[in-house]
Amino acid sequence: MMNHDCEPTAVVDYPHGNFTAEVRTLRECVPGEAVTISYDGSGLAVNARREALRRYGFECNCRKCASEGMSGLAKDATRTKEN
Ligand SMILES: [Zn+2]
């Protein structure tokens, strides 16, 4: 089992139609870097992604979620200021 990340370093495929998984990295990884995959929600906005991932029993706080969550908060703060 690999950990989830919304900007994963790898993808899992089942090219033979059985339980044999093929893991391919999406970019060059540095030594010691975790190999991560996206469980769900890629392409969704941060809140929808977190909602989709909740069924796996965790709230994602990866770098992408953290940065998009921060910008979401900034937008909310701007909206509040405008009102
Ligand atoms: Zn995430």
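## Loops, core and confidence in a predicted chain

R27 sits in the loop that links β2 (22-25) to α1 (46-53). The model is predicted. R27 counts as exposed because it has 9 C-beta neighbours inside 10 Å, and the cut-off for exposed is 12 or fewer. Along the chain, R27 and A10 are 17 residues apart.

**Overall layout**

The chain holds two helices and two strands. Read from the N terminus, the order is β-β-α-α. The chain has 83 residues, of which 10% count as buried. Consider the contacts in the chain with a separation of 6 or more: residues 24 or more positions apart account for 48% of them.

**The β2-α1 loop again**

T36 also belongs to the loop between β2 and α1. Is T36 buried, partly exposed or exposed? T36 has 18 C-beta neighbours inside 10 Å, so it counts as partly exposed. The cut-off for buried is 20 or more, and that for exposed is 12 or fewer.

Which residues does T36 touch, leaving out those up to four places away in sequence? They are M2, N3, H4, D5, P8, T9 and A10. T36 and V12 are 24 residues apart along the chain, and 9.7 Å separates their C-alpha atoms.

**The core and C65**

The largest nonpolar core has five residues: C6, Y39, L53, C60 and C65. C65 is in contact with C6, V46, R49, R50 and C60, once neighbours within four places in sequence are set aside.

N61 lies in the loop between α1 and α2. N61 counts as exposed because it has 11 C-beta neighbours inside 10 Å. V46, a contact of C65, is 15 residues from N61 along the chain.

M1 is placed in the segment before β1 (10-13). M1 has 4 other C-beta atoms within 10 Å, so it is exposed. I37 is 36 residues from M1 along the chain.

The C-alpha separations of the pairs discussed here are as follows.

| Pair | Apart along the chain | C-alpha separation |
|---|---|---|
| T36 and V12 | 24 residues | 9.7 Å |
| N61 and V46 | 15 residues | 9.9 Å |
| M1 and I37 | 36 residues | 9.5 Å |

**Confidence**

The mean pLDDT of the chain is 86. A pLDDT of 70 or more is reached by 84% of the residues. Where is confidence highest, and where is it lowest? It is highest in β2, at 96. Helix α2 (residues 63-82) has the lowest, at a mean of 69. Where pLDDT is low, predicted coordinates should not be read in detail.

Definitions and conventions:
Residues are numbered from 1 along each chain as its sequence is written. This is a predicted model: local features need pLDDT of at least 70, side-chain atom pairs count only at pLDDT 80 or more; totals for chains, interfaces and linings use all residues. A nonpolar core is a set of buried Ala, Val, Leu, Ile, Met, Phe, Trp, Tyr and Cys residues joined through C-beta atoms within 7 Å. Two residues are in contact if their C-beta atoms, placed from the backbone, lie within 7 Å. Helices (H or I, at least four residues) and strands (E, at least two) are DSSP runs, numbered from the N terminus. pLDDT is the predictor's confidence in each residue, from 0 to 100.
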